[in-house]
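Hello,

Here is the structure I promised to pass on to you. Have a look at it first, and then read my notes below.

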Amino acid sequence: MSGTGAIAETISVVPMRMAHLEGVLELGFRAFDVSTMPYTSWSLSSITEHFDTQPEACWVAEAEGEVLGFVLGSMSYDEREDWGYMEWIALDPRARGSGVASHLVEACCQALFDAGAARIITDVEHGNEPSARMMRRNSFIEGVTVTLFVRKRSDEPGRQGRMPHVRSKPEDPARARVRSVARRSTGGGRSGE
Ligand SMILES: CC(C)(COP(=O)(O)OP(=O)(O)OC[C@H]1O[C@@H](n2cnc3c(N)ncnc32)[C@H](O)[C@@H]1OP(=O)(O)O)[C@@H](O)C(=O)NCCC(=O)NCCS
């Protein structure tokens with residue numbers, strides 16, 4: 001699982017290009033367990049929302065043409081224009097433990113600071129220790145903790161213990177802001193999810 005093998009030494013961190021889209025999408029499907037956060041989702045539009053608005057904050061770790069990691073950020077807090085949002089980061093297991101995550105974070109954060117960010121926000125799910133430790137090591141400090149409270153429908157048969165399916169996430173202001181900025185910047189023509 002550790003990325004200390006030969007492949008880690010051949011990894012380059014480069015700005016994301018259109019040619020990376022498929023590899024980023026596929027790696028995200030392998031890396032993110034979105035079932036633990038039913039209000040969020042990983043899809044092609046999750047990538048393009050950031051790539052459209054802030055391409056310079058989207059970086060890829062690649063080796064021999066293969067996408068082994070990525071980070072996606074943008075200036076998405078439109079109520080706080082001086083806040084950047086580093087929303088998605090993932091590494092292929094072969095690239096983990098190699099320092100590549102810190103290079104991706106640094107490249108994304110520099111781009112967001114250059115774009116005017118005074119603060120950069122990221123969210124780490126409770127229990128994701130590798131991500132939390134890596135963020136702390138890269139100068140992120142815990143801020144507000146948000147707990148998802150779930151009330152189940154009492155007459156719903158056969159769904160005990162399962163989280164409700166929520167297609168969109170109006171209760172997540174950060175993502176709503178990403179969408180609203182992305183729609184504005186693309187002329188409002190996209191339907192989103
Ligand atoms: C989050 C992620 C990008 C971090 O990359 P990484 O290469 O694993 O990060 P690093 O090795 O630099 O740092 C991970 C830290 O967690 C520790 N760690 C690794 N696995 C661990 C585990 N199972 N439990 C506790 N700590 C763990 C490492 O020892 C290291 O600690 P250190 O800073 O004290 O040395 C990567 O783990 C990943 O892709 N995870 C899946 C996707 C994800 O969760 N993304 C974040 C949410 S959007």
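Which residue in β5 is the bridge partner of Gly 84? It is Ile 120. Strands here are DSSP runs of E with at least two residues, and helices are runs of H or I with at least four, numbered from the N terminus.

Before going on, please note that this is a predicted model, where local features need pLDDT of at least 70, side-chain atom pairs count only at pLDDT 80 or more, and totals for chains, interfaces and linings use all residues. Residues are numbered from 1 along each chain as its sequence is written, and side-chain values use heavy atoms, leaving out hydrogens and water.

Now the sheet. β4 and β5 pair in the parallel sense over 3 bridges; two strands pair if DSSP finds at least two bridges between them. The open sheet has 5 strands in the order β1-β2-β3-β4-β5, with mixed pairing. β1 (12-15) and β5 (119-121) each have a single partner strand, so one side of each has no neighbour in the sheet.

Next, the ligand. Among the 16 residues around the ligand are Leu 91, Asn 128 and Arg 137 ("around" means a heavy atom within 4 Å). A polar backbone atom of Leu 91 is 2.8 Å from a ligand oxygen atom. Polar side-chain atoms also lie 2.7 Å from an oxygen atom of the ligand, one from Asn 128 and one from Arg 137. Helix α5 gives the largest share of the shell around the ligand, 6 residues.

Enjoy exploring!

Best wishes

Technical notes:
Polar contact = N/O pair within 3.5 Å; in protein donor to acceptor, adjacent residues only side chain to side chain.
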